[in-house]
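Please look over the sequence and the model shown below. The paragraphs after them go through the structure step by step.

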Amino acid sequence: MTMKPTVMALFLAACAASIGACNREPDKASTKTVVEKDGAKAVVEIKTAWCRPSPNGAQAGACYLTIKSSVANRITGLATPLATEAAIHDMTMANGMMTMTPMPDGLPLEAGKSIELAPGGKHLMLVGLTGPLVEGTSVPLTLTFSATPAMTVQAAVRQPE
Ligand SMILES: [Cu+2]
């Protein structure tokens with residue numbers, strides 16, 4: 001395909017008018033899947049995925065994200081090349097202390113309801129880190145679901161806001 005000179009000029013003008021807009025990094029910490037499910041459209045959206053930087057030598061790390069599924073769904077698994085094990089944890093009160101508890105049945109996603117994983121609550125636990133989680137880098141997280149195909153999101157390593 002060849003661009004007509006006039007079209008090309010317009011394109012360049014549009015770029016110059018909004019500096020940065022033409023080479024802005026895509027938001028890797030968010031992703032969306034749209035699939036046909038039982039003759040209807042199913043949409044799963046992951047937003048603002050991030051991980052805490054891990055102190056040197058730490059064996060575990062925690063990541064967070066916001067997720068919404070338009071259909072009844074469940075996060076059934078989690079994997080990353082940066083850890084030997086990854087799982088979904090909840091925080092529960094036991095004997096007056098907050099403790100992390102695995103969610104062996106995964107995390108249920110009510111249709112259309114946004115769920116935020118955040119510090120102090122549900123989180124994605126990485127165990128057996130193959131290296132430190134360094135601020136400014138990103139961690140690929142692959143989530144599997146009961147009702148929709150697997151999704152991979154690039155979680156940004158940063159301090160909590
Ligand atoms: Cu945990």
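How many residues does the largest nonpolar core have, and which of them have the most contacts inside it? The model is a predicted one, in which local features need a pLDDT of at least 70 and side-chain atom pairs count only at pLDDT 80 or more, while totals for chains, interfaces and linings use all residues. Residue numbers start from 1 along each chain as its sequence is written.

The largest nonpolar core has 29 residues, and those with the most contacts inside it are A49, C63, L65, V139, L141 and A155. At least two residues of this core come from each of β2 (40–51), β3 (60–69), β4 (73–79), β5 (83–94), β7 (107–109), β9 (123–129), β10 (138–145) and β11 (151–157). Strand β2 gives the largest share, six residues. A nonpolar core here is a set of buried Ala, Val, Leu, Ile, Met, Phe, Trp, Tyr and Cys residues joined through C-beta atoms within 7 Å. A residue is called buried if 20 or more other C-beta atoms lie within 10 Å of its own, exposed if 12 or fewer, and partly exposed in between, with C-beta atoms placed from the backbone.

Leaving out residues up to four places away in sequence, L141 touches A49, C63, L78, T80, L124, T152, V153 and A155. Two residues are in contact if their C-beta atoms, placed from the backbone, lie within 7 Å.

Now consider the whole chain. The secondary structure of the protein chain comes to one helix and eleven strands, in the order α-β-β-β-β-β-β-β-β-β-β-β along the sequence. Helices (H or I, at least four residues) and strands (E, at least two) are DSSP runs, numbered from the N terminus. Of the 161 residues in the protein chain, 22% are buried. Among contacts with a separation of 6 or more, 66% are between residues 24 or more positions apart.

Next come the strand pairs; two strands pair if DSSP finds at least two bridges between them. Strands β10 and β11 run antiparallel and are joined by six bridges. These two strands form a hairpin with five residues between them, and V139 stands opposite A155 in β11. Strand β2 runs parallel to β11, with two bridges joining them, and W50 stands opposite A156 in β11. Strand β9 pairs in the antiparallel sense with β3 over four bridges and with β5 over six bridges. A60 stands opposite V127 in β9, and the bridge partner of A83 in β9 is L129.

For T48, in strand β2, phi is near 40 degrees. T48 is partly exposed, because 16 other C-beta atoms lie within 10 Å. For N95, in the loop between β5 and β6 (97–102), phi is near 55 degrees. N95 is exposed, because 5 other C-beta atoms lie within 10 Å.

The last topic is confidence. The pLDDT is the predictor's confidence in each residue, from 0 to 100. The protein chain averages a pLDDT of 87, and 84% of the residues score at least 70. Over residues 5–23 the pLDDT stays under 50, and the model has two contacts for them beyond four places in sequence.
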